[in-house]
Amino acid sequence: MAKNNFLKVFVVISFSGFISCANGSSNGQENNNSVRTRTYSSKTEEAKALALPIDKVSSTSKKIKDRRAAAVILSNYVSIKDSLYVLEISKEDAQKLGVDTDLYMSVLQELKRTNKMIKEARQRGENITLPDVKEEHKKFMNSH
């Protein structure tokens, strides 16, 4: 049950908006450590970095791979505060980890949209349980 909740929230937080074309330009903000220029020693390593099944890596576009890689990195910095998700890393610190500004802002916007959906669901009387994204990320990374 907790895995299903995690998958739903993880998808909503990390990937739902990244698949769309919104905020898709790099705006020349790449750095030397950017997820956009990162290379992997194997498909297995790349699949793990992208939180994708290995059979989906080749068919996933570069744009989506970049967004997923950024989301996976930033998932280590998503916490729960006042029953909502917060991103606890600055844009500058995220850049040091290879997350370009536009990708950081996309993740931040997705968190805001997710929090809005959580608030609306609670207003309708739905019981929403938020999984600890950092813990779930650690479990995922350790299982692959």
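Visitor: Which residues touch the most other members of the largest nonpolar core?
Guide: This core has 24 residues. A nonpolar core here is a set of buried Ala, Val, Leu, Ile, Met, Phe, Trp, Tyr and Cys residues joined through side-chain atoms within 4.5 Å, and buried means under 20% relative accessible area with a 1.4 Å probe, protein chains only. The residues touching the most other members are Leu74, Tyr85, Leu87, Val99 and Tyr104.

Visitor: Which elements give two or more residues to this core?
Guide: Helices (H or I, at least four residues) and strands (E, at least two) are DSSP runs, numbered from the N terminus. The elements are helix 2 (43–50), helix 4, strand 2 (84–87) and helix 6 (101–123).

Visitor: What kind of model is this?
Guide: Local features need pLDDT of at least 70 and side-chain atom pairs count only at pLDDT 80 or more, while totals for chains, interfaces and linings use all residues, as this model is predicted. Residues are numbered from 1 along each chain as its sequence is written, and side-chain values use heavy atoms, leaving out hydrogens and water.

Visitor: How many residues of helix 4 are buried?
Guide: Helix 4 covers residues 62–74. Its buried residues include Lys65, Asp66 and Leu74. So helix 4 is mostly covered, and the buried count is 10 of its 13 residues.

Visitor: Is Leu103 buried or exposed?
Guide: Leu103 is found in helix 6. Leaving aside neighbours within four places in sequence, Leu103 is in contact (heavy atoms within 4.5 Å) with Val35, Arg36, Asp66, Arg67 and Ala70. Its relative accessible area is 3%, so Leu103 is buried.

How values were computed: Expected span 1.5 Å × (residues − 1). Buried < 20%, exposed > 50% of the residue type's maximum accessible area, 1.4 Å probe, protein only.
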